[in-house]
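Good morning, everyone. Today I shall present one protein structure, beginning with a single residue and then widening the view to the chain as a whole.

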Amino acid sequence: ADITRFIAAMPKAEYHVHLEGTLEAEMKFALAARNGLKLPFADVAAMKRSYIYHDLPSFLAIYYDGMKVLLTEQDFYDLAYAYLAKAASQTVLYTEMFFDPQEHLKRGVPMAAVIGGITRARVDAERALGIQSQLILCFVRDSSAESAMAALDAALPLKQYLVGVGLDSDEKGNPPEKFAAHFAKARAAGLKVTAHCDVDQDDTLAHLRTAIVDLKVDRIDHGGNILQSPELVALAKQRNLYFTVCPTFSGTLRTSTPPVDVLRGMIDAGLNVTVSSDDPAYMGSEYLNTVLVRAQTRSALTRAELIGLERNAFNAAWLPANRKAAYL
Ligand code: ES4
Ligand code: ZN
(Lines give C-alpha, C1' and ligand atoms only; values in the text may rest on other atoms or scores of the structure.)
(Ligands and ions follow the chains in the order given, each with its own letter.)
Protein backbone atom coordinates (compact mmCIF):
# COMPACT_ATOMS: atom_id res chain seq x y z
CA ALA A 1 0.00 0.00 0.00
CA ASP A 2 1.04 3.56 0.72
CA ILE A 3 3.77 2.71 3.19
CA THR A 4 5.23 0.15 0.77
CA ARG A 5 5.55 2.84 -1.89
CA PHE A 6 6.98 5.24 0.69
CA ILE A 7 9.66 2.70 1.66
CA ALA A 8 10.44 1.84 -1.96
CA ALA A 9 10.93 5.50 -2.87
CA MET A 10 13.06 6.36 0.18
CA PRO A 11 16.81 6.77 -0.51
CA LYS A 12 18.47 3.96 1.45
CA ALA A 13 21.85 2.65 2.58
CA GLU A 14 22.77 -0.84 3.73
CA TYR A 15 25.69 -1.99 5.92
CA HIS A 16 25.00 -5.57 6.85
CA VAL A 17 24.78 -7.77 3.81
CA HIS A 18 26.96 -10.84 3.25
CA LEU A 19 27.73 -11.05 -0.47
CA GLU A 20 27.78 -14.84 -0.25
CA GLY A 21 24.34 -14.54 1.35
CA THR A 22 23.08 -12.81 -1.81
CA LEU A 23 23.99 -15.85 -3.93
CA GLU A 24 20.61 -16.82 -5.38
CA ALA A 25 19.80 -20.44 -6.21
CA GLU A 26 19.46 -19.53 -9.88
CA MET A 27 23.00 -18.13 -9.93
CA LYS A 28 24.33 -21.18 -8.10
CA PHE A 29 23.09 -23.36 -10.95
CA ALA A 30 24.54 -21.01 -13.56
CA LEU A 31 27.96 -20.88 -11.88
CA ALA A 32 28.00 -24.63 -11.26
CA ALA A 33 27.34 -25.22 -14.97
CA ARG A 34 30.05 -22.74 -15.97
CA ASN A 35 32.55 -24.35 -13.59
CA GLY A 36 31.66 -27.96 -14.40
CA LEU A 37 30.32 -28.72 -10.93
CA LYS A 38 27.38 -30.96 -10.16
CA LEU A 39 24.93 -29.77 -7.51
CA PRO A 40 22.99 -32.25 -5.36
CA PHE A 41 19.62 -30.74 -6.31
CA ALA A 42 17.37 -31.45 -9.30
CA ASP A 43 16.45 -27.81 -9.78
CA VAL A 44 16.15 -24.35 -8.22
CA ALA A 45 12.92 -25.21 -6.44
CA ALA A 46 14.45 -28.30 -4.82
CA MET A 47 17.48 -26.28 -3.72
CA LYS A 48 15.28 -23.59 -2.20
CA ARG A 49 13.24 -26.22 -0.36
CA SER A 50 16.49 -27.28 1.35
CA TYR A 51 16.89 -23.82 2.90
CA ILE A 52 15.55 -24.78 6.32
CA TYR A 53 17.23 -23.51 9.48
CA HIS A 54 16.50 -23.60 13.16
CA ASP A 55 19.60 -21.84 14.46
CA LEU A 56 22.77 -20.09 13.33
CA PRO A 57 24.90 -23.26 12.82
CA SER A 58 22.23 -24.96 10.71
CA PHE A 59 22.01 -21.80 8.59
CA LEU A 60 25.77 -21.49 8.27
CA ALA A 61 26.15 -25.10 7.05
CA ILE A 62 23.88 -24.38 4.08
CA TYR A 63 25.45 -20.97 3.46
CA TYR A 64 29.01 -22.38 3.35
CA ASP A 65 27.96 -25.29 1.18
CA GLY A 66 26.22 -22.93 -1.24
CA MET A 67 29.24 -20.71 -1.83
CA LYS A 68 31.41 -23.59 -3.15
CA VAL A 69 30.36 -22.70 -6.71
CA LEU A 70 32.31 -19.41 -6.46
CA LEU A 71 35.68 -20.14 -8.07
CA THR A 72 36.75 -17.47 -10.56
CA GLU A 73 37.17 -13.71 -10.66
CA GLN A 74 34.17 -13.59 -12.98
CA ASP A 75 32.07 -15.54 -10.46
CA PHE A 76 32.75 -12.90 -7.80
CA TYR A 77 32.03 -10.17 -10.33
CA ASP A 78 28.69 -11.73 -11.23
CA LEU A 79 27.76 -12.24 -7.56
CA ALA A 80 28.54 -8.67 -6.55
CA TYR A 81 27.06 -7.09 -9.67
CA ALA A 82 23.77 -8.97 -9.22
CA TYR A 83 23.48 -7.77 -5.62
CA LEU A 84 24.39 -4.17 -6.53
CA ALA A 85 21.87 -4.15 -9.39
CA LYS A 86 19.17 -5.48 -7.07
CA ALA A 87 20.03 -2.91 -4.41
CA ALA A 88 20.12 -0.07 -6.95
CA SER A 89 16.68 -1.13 -8.23
CA GLN A 90 15.40 -0.63 -4.66
CA THR A 91 16.78 2.91 -4.32
CA VAL A 92 19.74 1.80 -2.22
CA LEU A 93 22.23 4.56 -3.01
CA TYR A 94 25.12 3.28 -0.92
CA THR A 95 26.15 -0.05 0.60
CA GLU A 96 29.06 -1.56 2.52
CA MET A 97 29.19 -5.29 1.80
CA PHE A 98 30.73 -8.18 3.75
CA PHE A 99 32.64 -11.07 2.23
CA ASP A 100 34.21 -14.19 3.78
CA PRO A 101 37.59 -14.72 2.05
CA GLN A 102 38.80 -17.53 4.33
CA GLU A 103 36.19 -19.80 2.80
CA HIS A 104 37.35 -18.99 -0.72
CA LEU A 105 41.07 -19.27 0.07
CA LYS A 106 40.30 -22.75 1.45
CA ARG A 107 39.06 -23.76 -2.00
CA GLY A 108 42.21 -22.40 -3.61
CA VAL A 109 40.70 -19.17 -4.96
CA PRO A 110 43.35 -16.43 -4.84
CA MET A 111 42.51 -13.34 -2.76
CA ALA A 112 43.15 -11.20 -5.86
CA ALA A 113 40.38 -13.03 -7.75
CA VAL A 114 37.90 -12.52 -4.90
CA ILE A 115 38.63 -8.86 -4.26
CA GLY A 116 39.35 -8.16 -7.93
CA GLY A 117 36.01 -9.52 -9.14
CA ILE A 118 34.02 -7.71 -6.47
CA THR A 119 35.88 -4.46 -7.07
CA ARG A 120 35.33 -4.59 -10.84
CA ALA A 121 31.60 -5.09 -10.17
CA ARG A 122 31.57 -2.10 -7.78
CA VAL A 123 33.18 0.13 -10.40
CA ASP A 124 30.83 -1.03 -13.18
CA ALA A 125 27.72 -0.80 -10.99
CA GLU A 126 28.57 2.73 -9.92
CA ARG A 127 29.16 3.76 -13.53
CA ALA A 128 26.06 2.05 -14.94
CA LEU A 129 23.60 2.35 -12.05
CA GLY A 130 24.94 5.10 -9.82
CA ILE A 131 25.13 2.92 -6.69
CA GLN A 132 28.22 3.53 -4.57
CA SER A 133 29.70 0.80 -2.39
CA GLN A 134 32.60 -0.31 -0.26
CA LEU A 135 33.85 -3.69 0.93
CA ILE A 136 34.35 -5.15 4.43
CA LEU A 137 36.48 -8.26 4.91
CA CYS A 138 34.94 -10.56 7.51
CA PHE A 139 36.90 -12.99 9.63
CA VAL A 140 35.14 -16.33 9.94
CA ARG A 141 35.25 -16.40 13.73
CA ASP A 142 34.80 -20.15 14.16
CA SER A 143 37.85 -20.85 11.97
CA SER A 144 41.30 -20.54 13.50
CA ALA A 145 42.88 -17.22 14.42
CA GLU A 146 45.79 -18.27 12.18
CA SER A 147 43.60 -18.68 9.10
CA ALA A 148 42.05 -15.28 9.78
CA MET A 149 45.51 -13.71 10.03
CA ALA A 150 46.55 -15.42 6.79
CA ALA A 151 43.49 -13.93 5.08
CA LEU A 152 44.26 -10.47 6.46
CA ASP A 153 47.89 -10.71 5.34
CA ALA A 154 46.78 -11.80 1.87
CA ALA A 155 44.34 -8.88 1.70
CA LEU A 156 46.54 -6.07 3.03
CA PRO A 157 48.36 -5.55 -0.30
CA LEU A 158 44.85 -4.88 -1.69
CA LYS A 159 43.72 -2.72 1.22
CA GLN A 160 42.87 0.20 -1.05
CA TYR A 161 39.83 -1.87 -2.13
CA LEU A 162 38.66 -2.44 1.46
CA VAL A 163 37.09 -0.05 3.97
CA GLY A 164 37.12 -2.29 7.03
CA VAL A 165 37.17 -5.69 8.66
CA GLY A 166 34.39 -7.51 10.49
CA LEU A 167 33.60 -10.66 12.38
CA ASP A 168 30.93 -13.15 11.32
CA SER A 169 29.91 -16.82 11.48
CA ASP A 170 29.39 -18.88 14.63
CA GLU A 171 29.79 -16.74 17.74
CA LYS A 172 29.57 -19.47 20.39
CA GLY A 173 33.01 -19.92 21.94
CA ASN A 174 34.49 -17.36 19.54
CA PRO A 175 34.64 -14.08 21.45
CA PRO A 176 35.83 -10.85 19.82
CA GLU A 177 39.11 -10.89 21.77
CA LYS A 178 40.16 -13.91 19.66
CA PHE A 179 40.70 -11.28 16.94
CA ALA A 180 42.33 -8.51 18.95
CA ALA A 181 45.60 -8.81 17.03
CA HIS A 182 43.78 -8.88 13.69
CA PHE A 183 41.80 -5.77 14.55
CA ALA A 184 44.94 -3.96 15.68
CA LYS A 185 46.74 -4.83 12.45
CA ALA A 186 43.74 -3.81 10.35
CA ARG A 187 43.45 -0.50 12.16
CA ALA A 188 47.16 0.18 11.73
CA ALA A 189 46.53 -0.27 8.00
CA GLY A 190 43.81 2.40 8.12
CA LEU A 191 40.81 0.07 8.11
CA LYS A 192 37.64 0.38 10.20
CA VAL A 193 36.50 -2.40 12.52
CA THR A 194 33.09 -3.93 13.15
CA ALA A 195 31.86 -7.18 14.70
CA HIS A 196 28.75 -9.33 14.77
CA CYS A 197 27.35 -9.49 18.31
CA ASP A 198 24.37 -11.54 17.40
CA VAL A 199 21.22 -11.89 19.46
CA ASP A 200 20.56 -15.23 21.15
CA GLN A 201 24.17 -16.42 21.15
CA ASP A 202 26.03 -17.30 24.35
CA ASP A 203 27.78 -14.54 26.30
CA THR A 204 26.57 -11.83 23.93
CA LEU A 205 26.64 -9.18 26.61
CA ALA A 206 30.25 -10.04 27.43
CA HIS A 207 31.04 -9.98 23.70
CA LEU A 208 29.41 -6.57 23.34
CA ARG A 209 31.38 -5.25 26.29
CA THR A 210 34.69 -6.52 24.93
CA ALA A 211 33.94 -5.24 21.44
CA ILE A 212 32.92 -1.78 22.64
CA VAL A 213 35.12 -1.20 25.69
CA ASP A 214 38.31 -3.11 24.93
CA LEU A 215 38.45 -3.42 21.16
CA LYS A 216 36.71 -0.08 20.53
CA VAL A 217 34.94 -1.24 17.40
CA ASP A 218 33.61 1.42 15.04
CA ARG A 219 30.24 -0.30 14.54
CA ILE A 220 28.19 -3.26 15.84
CA ASP A 221 26.38 -5.76 13.64
CA HIS A 222 23.09 -6.86 15.26
CA GLY A 223 23.82 -6.07 18.94
CA GLY A 224 20.26 -6.33 20.28
CA ASN A 225 21.37 -7.83 23.57
CA ILE A 226 22.80 -4.46 24.53
CA LEU A 227 19.30 -3.61 25.80
CA GLN A 228 20.09 -5.81 28.81
CA SER A 229 22.81 -3.38 29.90
CA PRO A 230 21.85 0.26 30.50
CA GLU A 231 25.54 0.96 31.09
CA LEU A 232 26.53 -0.31 27.63
CA VAL A 233 23.57 1.48 26.02
CA ALA A 234 24.82 4.73 27.55
CA LEU A 235 28.36 4.04 26.36
CA ALA A 236 27.22 3.22 22.81
CA LYS A 237 25.30 6.49 22.68
CA GLN A 238 28.22 8.44 24.07
CA ARG A 239 30.45 6.89 21.39
CA ASN A 240 27.84 7.54 18.70
CA LEU A 241 28.05 3.86 17.70
CA TYR A 242 25.82 2.61 14.89
CA PHE A 243 24.05 -0.76 14.95
CA THR A 244 23.22 -2.74 11.81
CA VAL A 245 20.06 -4.65 12.70
CA CYS A 246 18.66 -7.42 10.48
CA PRO A 247 15.10 -8.07 11.63
CA THR A 248 14.34 -10.64 8.91
CA PHE A 249 17.27 -12.83 9.79
CA SER A 250 16.50 -12.68 13.48
CA GLY A 251 12.79 -13.19 12.96
CA THR A 252 13.40 -16.20 10.73
CA LEU A 253 16.02 -17.97 12.77
CA ARG A 254 15.56 -17.10 16.37
CA THR A 255 13.45 -19.54 18.26
CA SER A 256 13.62 -18.06 21.74
CA THR A 257 10.30 -17.24 23.34
CA PRO A 258 8.80 -14.85 24.08
CA PRO A 259 9.77 -13.07 20.87
CA VAL A 260 11.24 -9.70 21.69
CA ASP A 261 10.98 -6.80 19.27
CA VAL A 262 14.66 -5.93 19.35
CA LEU A 263 14.35 -3.27 16.66
CA ARG A 264 11.62 -1.41 18.57
CA GLY A 265 13.60 -1.71 21.80
CA MET A 266 16.76 -0.31 20.25
CA ILE A 267 14.96 2.60 18.59
CA ASP A 268 13.15 3.46 21.82
CA ALA A 269 16.45 3.28 23.72
CA GLY A 270 17.74 6.04 21.45
CA LEU A 271 20.45 3.95 19.81
CA ASN A 272 21.66 4.72 16.28
CA VAL A 273 19.89 1.89 14.46
CA THR A 274 20.09 1.06 10.77
CA VAL A 275 18.29 -1.84 9.06
CA SER A 276 19.85 -4.32 6.60
CA SER A 277 19.02 -7.55 4.80
CA ASP A 278 21.90 -9.84 5.96
CA ASP A 279 21.53 -12.92 3.70
CA PRO A 280 18.63 -12.14 1.35
CA ALA A 281 19.11 -15.14 -0.97
CA TYR A 282 18.56 -17.45 2.00
CA MET A 283 15.70 -15.46 3.49
CA GLY A 284 13.11 -15.85 0.77
CA SER A 285 14.98 -13.50 -1.59
CA GLU A 286 13.80 -10.56 0.48
CA TYR A 287 15.97 -7.52 -0.17
CA LEU A 288 16.01 -4.26 1.74
CA ASN A 289 12.61 -2.88 0.70
CA THR A 290 10.83 -6.04 1.81
CA VAL A 291 12.86 -6.20 5.01
CA LEU A 292 11.81 -2.64 5.83
CA VAL A 293 8.15 -3.29 4.98
CA ARG A 294 8.15 -6.29 7.32
CA ALA A 295 9.96 -4.31 10.00
CA GLN A 296 7.46 -1.47 9.64
CA THR A 297 4.58 -3.87 10.28
CA ARG A 298 6.22 -5.82 13.08
CA SER A 299 7.62 -2.82 14.96
CA ALA A 300 4.89 -0.32 14.03
CA LEU A 301 7.46 2.08 12.58
CA THR A 302 6.18 5.55 11.80
CA ARG A 303 7.26 7.39 8.67
CA ALA A 304 9.39 9.64 10.83
CA GLU A 305 11.07 6.55 12.30
CA LEU A 306 11.67 5.09 8.83
CA ILE A 307 13.24 8.36 7.73
CA GLY A 308 15.30 8.32 10.94
CA LEU A 309 16.58 4.82 10.16
CA GLU A 310 17.83 5.92 6.73
CA ARG A 311 19.24 9.17 8.08
CA ASN A 312 21.18 7.02 10.57
CA ALA A 313 22.22 4.77 7.71
CA PHE A 314 23.78 7.59 5.69
CA ASN A 315 25.38 8.98 8.84
CA ALA A 316 26.91 5.55 9.50
CA ALA A 317 28.81 5.51 6.20
CA TRP A 318 32.54 4.94 6.38
CA LEU A 319 33.10 7.72 3.89
CA PRO A 320 35.09 10.94 4.08
CA ALA A 321 32.91 13.78 5.41
CA ASN A 322 32.62 15.49 2.04
CA ARG A 323 31.33 12.36 0.28
CA LYS A 324 28.97 11.58 3.16
CA ALA A 325 27.60 15.12 3.09
CA ALA A 326 26.34 14.51 -0.45
CA TYR A 327 23.79 12.04 0.98
CA LEU A 328 22.61 14.07 3.96
C1 ES4 B 1 26.72 -14.82 9.36
CL2 ES4 B 1 26.81 -14.70 12.05
C3 ES4 B 1 26.03 -14.55 10.54
N4 ES4 B 1 24.77 -14.17 10.50
C5 ES4 B 1 24.19 -14.06 9.30
N6 ES4 B 1 24.78 -14.33 8.15
C7 ES4 B 1 26.04 -14.71 8.18
N8 ES4 B 1 26.91 -15.00 7.21
C9 ES4 B 1 28.07 -15.29 7.78
N10 ES4 B 1 27.98 -15.19 9.09
ZN1 ZN C 1 25.36 -10.98 9.40
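Predicted model: local features only at pLDDT ≥ 70, side-chain atom pairs only at ≥ 80, totals over all residues.

Please look at Leu271. Leaving aside residues up to four places away in sequence, Leu271 touches Val233, Ala236, Lys237, Phe243 and Met266.

Is Leu271 buried or exposed? The count of other C-beta atoms within 10 Å is 21 for Leu271, and a residue is called buried at 20 or more, so Leu271 is buried. There is also a relation across the sequence: Asn312 is 41 residues away from Leu271 in sequence, yet their C-alpha atoms are 9.8 Å apart in space.

Let us move on to Asp279. This residue lies in the loop between β8 and α14, the latter spanning 288–299. The unreviewed UniProt entry places the feature "binding site" at Asp279. Asp279 is buried as well, because 27 other C-beta atoms lie within 10 Å.

Finally, the whole chain. Its secondary structure consists of 16 helices and eight strands. The radius of gyration is 18 Å, close to the 20 Å that the globule rule gives for 328 residues, so the chain is as compact as a globular protein of that length. Along the principal axes, the C-alpha atoms fill a box of roughly 55 × 50 × 45 Å. Of the 328 residues, 45% count as buried. Among contacts between residues at least 6 apart in sequence, 79% join residues at least 24 apart.

Thank you for your attention.

Technical notes:
Residues numbered from 1 in each chain as written. Chains lettered and ligands numbered in written order. Buried ≥ 20, exposed ≤ 12 C-beta atoms within 10 Å, placed from the backbone. Contact = placed C-beta atoms within 7 Å. UniProt positions renumbered as here; feature names shortened; annotations may be inferred. Helix = DSSP H or I, 4+ residues; strand = E, 2+ residues; numbered from the N terminus. Rg over C-alpha atoms; globule rule 2.2 N^0.38 Å.
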